[in-house]
Amino acid sequence: MHDEVNMPGLRGKDTTDNEVNDLKALFVNHRLLARRVEALPNGIRTITETDDESLRAALVKHVSMMVTRIEDGRNPHVMIQSPTLDRLFAVNDKISTEIEMTDRGIAVVQTSNDKAVVAALQTHAVEVSDMAARGMEAVHERMRQSGGHGHEQGPKQGH
């Protein structure tokens, strides 16, 4: 049974209440988000926007926090996160990120000189777009396909 109100799957090993609340706001209001992704030869350019001011604040905080986490290699191991995101945290030193505010949201360019990292960036961008379009339905579908868990477990955590 999925708890669509409290969304416990948004908690990770060191997530803050603010991070979880921002993520929850994005999932609950995903229909208010507009997202475009451009695949670049060496990465991606994404633009995510909304006309809702409070959702825009949650969006900008979430994106900024995730960029900082990737730069610092601080994988939150949120239960619902995709294995692709785990891979990006593992190669964080091979990713260059630029953020630009738009009138209605945020644009992110992420690039790499490593073809495998570029492929992972592009895959993750598609995953995020799917979540923006379908919300938790997309997460639940991916988790069913991966055997019931979002992120890969390391050898110390096991199953």
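Q: In which helix is arginine 69 found?
A: The model is a predicted one, in which local features need pLDDT of at least 70 and side-chain atom pairs count only at pLDDT 80 or more, while totals for chains, interfaces and linings use all residues. Residues are numbered from 1 along each chain as its sequence is written, and side-chain values use heavy atoms, with hydrogens and water left out. Helices (H or I, at least four residues) and strands (E, at least two) are DSSP runs numbered from the N terminus. The element that holds arginine 69 is helix 2.

Q: Is arginine 69 buried or exposed?
A: Buried means under 20% relative accessible area, exposed over 50%, and partly exposed in between, with a 1.4 Å probe and protein chains only. The relative accessibility of arginine 69 is 1%, so this residue counts as buried.

Q: With the side chain of which residue does the side chain of arginine 69 make a polar contact?
A: Contact means heavy atoms within 4.5 Å; beyond four places in sequence, arginine 69 is in contact with residues including Asp14, Thr15, Glu19 and Phe89. A polar contact is a pair of N or O atoms within 3.5 Å; within protein, one must be able to donate a hydrogen and the other to accept it, and residues adjacent in sequence count only if both atoms are side-chain atoms. At 3.1 Å, the side-chain partner of arginine 69 is glutamate 19.

Q: What is the order of the strands in the open sheet?
A: Two strands pair if DSSP finds at least two bridges between them. The open sheet has four strands with antiparallel pairing, in the order 1-2-4-3. Strand 1 and strand 3 are the edge strands, each pairing on one side only.

Q: How many bridges join strand 1 to strand 2?
A: Strand 1 and strand 2 form a hairpin with two residues between them, and arginine 36 stands opposite isoleucine 47 in strand 2. The two strands run antiparallel, and the number of bridges joining them is seven.

Q: Which residue in strand 4 stands opposite isoleucine 44?
A: Strand 2 and strand 4 pair in the antiparallel sense over seven bridges. Opposite isoleucine 44, the residue in strand 4 is glutamine 110.

Q: What angle does the direction of helix 4 make with that of strand 1?
A: Axes are lines fitted to C-alpha atoms, for helices over the stretch in contact, and angles run from 0 to 180 degrees between N-to-C directions. Helix 2 lies across strand 2, strand 3 and strand 4, running at about 20° to strand 4. Helix 4 packs on the sheet, touching strand 1, strand 2 and strand 4, and its direction makes with that of strand 1 an angle of about 165°.

Q: Why does the span of helix 4 agree with its number of residues, and how far apart are its end C-alpha atoms?
A: The expected span of a helix is 1.5 Å times one less than its number of residues. Helix 4 has 20 residues (115–134), so it should span 28 Å, and this agrees with the separation of its end C-alpha atoms, 29 Å.

Q: Within what distance of the backbone nitrogen of alanine 116 does a side-chain oxygen of aspartate 114 reach?
A: This pair of atoms lies at the start of helix 4. After helix 4 comes glycine 135, whose phi is positive, near 65°. At the start, the oxygen of aspartate 114 reaches the nitrogen of alanine 116 to within 2.8 Å.

Q: How far apart are the C-alpha atoms of lysine 94 and asparagine 113?
A: Lysine 94 lies in the loop between helix 3 (83–90) and strand 3 (96–101), and its relative accessibility of 40% means that it counts as partly exposed. Beyond four places in sequence, the contacts of lysine 94 include Thr111, Asn113 and Val117. Lysine 94 and asparagine 113 are 19 residues apart along the chain, yet their C-alpha atoms are separated by 7.2 Å.
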